[in-house]
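Here is a short report on a predicted model.

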Amino acid sequence: MTRYFEYQDCDWARLETDWRAWWDGKSDRPIVTIVTHDPGTFPESGDDFLTRFPLEKPAEEIIDYFEQVLQRTHFYGDACPKWWVNFGAGVIAAFLGSDVEYSTGTTWFKPVPVESLADLHPEYDPDNIWWRRAQDITQASIDRWAGKLVVAYTDLGGNMDILASLRGTQNLLFDCIEAPDEVIRLISEITVLWQRYFDELEAMMPPQQHGRAAWAPPWSPTRGYMLQSDFSYMISPDMFERFVLPDLVTCCETLDYPFYHMDGKGQLPHLDMLLSIDKLRGVQWQPGDGQPLADHWLDVLRKIRESGKLCQVFVTLDGALNIARELGGKGFLFDILDQGRTITPQQVDAFYEELDRIGP
Amino acid sequence: METLEIIRKAIIEGQAKEVEQHVQAALDSGMKATTILYDGLIPAMAEVGRLYEEGEYFVPEMLIAARAMKTGLGLLKPFLVEGNVQPLGKVAIATVQGDLHDIGKNLVSLMLEGAGFEIVDLGVNAEPQKFVDAVQQQQVNVVAMSALLTTTMTRMKDTITALDAAGVRGKVKVIIGGAPITQAYADEIGADGYAPDASQAVNLTKRLLAAS
């Protein structure tokens, strides 16, 4: 059983039991997620952004396309079968008026033209074309796969990142020094909107769905999300404390299983503050493009685990084994990279044997 | 506090209006533009670079200091042109085709300008031919490319290939930077150098031009 339609009730029960034990700190073993795709599953561009489809293309036809992708997608270990409504990182910017541009490999959200930060007043618009599109595609995927896989929330984004998209990143960097009160006002407004969009998507999830997921690997029994603030890479700990932390705490309070996506070494100065957030359940450490993979950052991983938080990393099979040997596997979520699309079932079996041999 | 020290301090603190006021006052008092540039603006930006490298400054502080410097430089430029003061070099800079992330590019551009280089800003999403045109038509002697994505960094190689094909590769030094970029990648694609941040990009550019 590796493809979504092969999962039976007993498989879902196993996943739920194992993940709950991991969240509750009652499992001595790491969670390991491996998702592979048959060769030729994706287009040459290698991405699956929904922004690359024309807006007039019916949602059902898009779901037909992704049905074919899922037929060739294999879920191993603790990976829960899911399909992610992927409009790009921080799509709330589009819901709030940002123009969207797809280019191979990524989706861009363009700044809203305003003279100053004071002129920016983001508001919920039920008729926004991208918000309606996100809802339509979420609903179509639910109609197709409810109970058979987890329909993962679209990537709403981090509050500061959404503001950076709306304002333009460089403008926001100046604003942090020249108009800090306006930055705080806008972040607070965006937090309220973030909660509203999240709640509305959450309300769409069908009762027969097995748990929740977002773009990142963690599965959760109920409301979970991978929070983020990539903008924080560029700012001081003082600014992080002032502009990012309060709303991060607010978002954590509204979720049952909040995680934080820490992307790049520029965010390491903020790690202590992140680990001090009581309700934050775990940290995903992503060293960033061009950097060694997560198993080369054992001090960072040790610090996260010693704080009592869970830790998720993207690693190779060998990298996961390395972390398990050095730090123990307990409390880790190893999402196994298969960029070359070359992992075989035999390698997966050998990996689990070695992981068992290493022990907790 | 002497005038040049006031200017340096205002730049380091990102006080553009103060920079403007004191640079103008210095010019009005008869101070040479070159003195203000070499003893005021350039050392101030070098100090900003040092503060960034040591982790005291972050990107916003660096940007706002660079903007203040640029205000002062704007006042000096007519005098520098009149005095035929030559820049240290001429740099064509842009993010590569497909990449719209311009913060790093802008920072490098500002730091180079603050160090005495002339900048030809080709903007974002620059196709290889745009760099070739800059070399052929504007006589730049450094090409600086930035990419934030692994999906776009391959365009750096395309640009170097285009410079080669146009027969101008030997006329310029090529430097690259951006989050996914490493020295190994620079070596692999035949760039002359890589810098991990804006401050070090200045040192790299100076070093490469001095060696040529």
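Twelve of the twelve residues of helix H5(B) are buried, so H5(B) is largely enclosed by the rest of the structure. The cut-off for buried is 20 or more other C-beta atoms within 10 Å of a residue's own.

The length of H5(B) can be checked. At 1.5 Å a residue, its twelve residues should span 16 Å, and the end C-alpha atoms are 16 Å apart, which agrees. After H5(B) comes Gly116(B), with a positive phi near 110°.

**Chain B against chain A**

H5(B) also takes part in the contact between the chains. Chain B puts 17 residues into this contact and chain A puts in 18 residues. On the side of chain B, helix H4 (59-82) and helix H5 (103-114) are the elements that give two or more residues. H4(B) gives the most, with four residues. By class, this side of chain B has eleven nonpolar and six polar residues, and no charged residues.

**Inside chain B**

Chain B splits into domain 1 (3-82) and domain 2 (90-211). Their centres, taken over C-alpha atoms, are 25 Å apart. Domain 1 of chain B brings 13 residues to the contact between the two, and domain 2 of chain B brings eleven residues. On the domain 1 side, helix H3 (33-53) and H4 of chain B each give two or more residues. H4(B) again gives the most, here with seven residues.

The table sets out the classes on two sides.

| Side | Nonpolar | Polar | Charged |
|---|---|---|---|
| Chain B, touching chain A | eleven residues | six residues | no residues |
| Domain 1 of chain B, touching domain 2 of chain B | ten residues | one residue | two residues |

**A strand pair in chain A**

Which way do the residues of S9(A) point? Gly224(A), Met226(A) and Gln228(A) point one way, while Tyr225(A) and Leu227(A) point the other way. Strand S9 (residues 224-228) of chain A is mostly covered, with five of its five residues buried.

S9(A) runs parallel to strand S10 (residues 257-263) of chain A, and five bridges join them. In one of these, Met226(A) has Phe259(A) as its bridge partner in S10(A).

Terms used. Residues numbered from 1 in each chain as written. Chains lettered and ligands numbered in written order. Predicted model: local features only at pLDDT ≥ 70, side-chain atom pairs only at ≥ 80, totals over all residues. Contact = placed C-beta atoms within 7 Å. Nonpolar A, V, L, I, M, F, W, Y, C, P; charged D, E, K, R; others polar. Domains from an automatic or database assignment. Expected span 1.5 Å × (residues − 1). Pairing = 2+ DSSP bridges.
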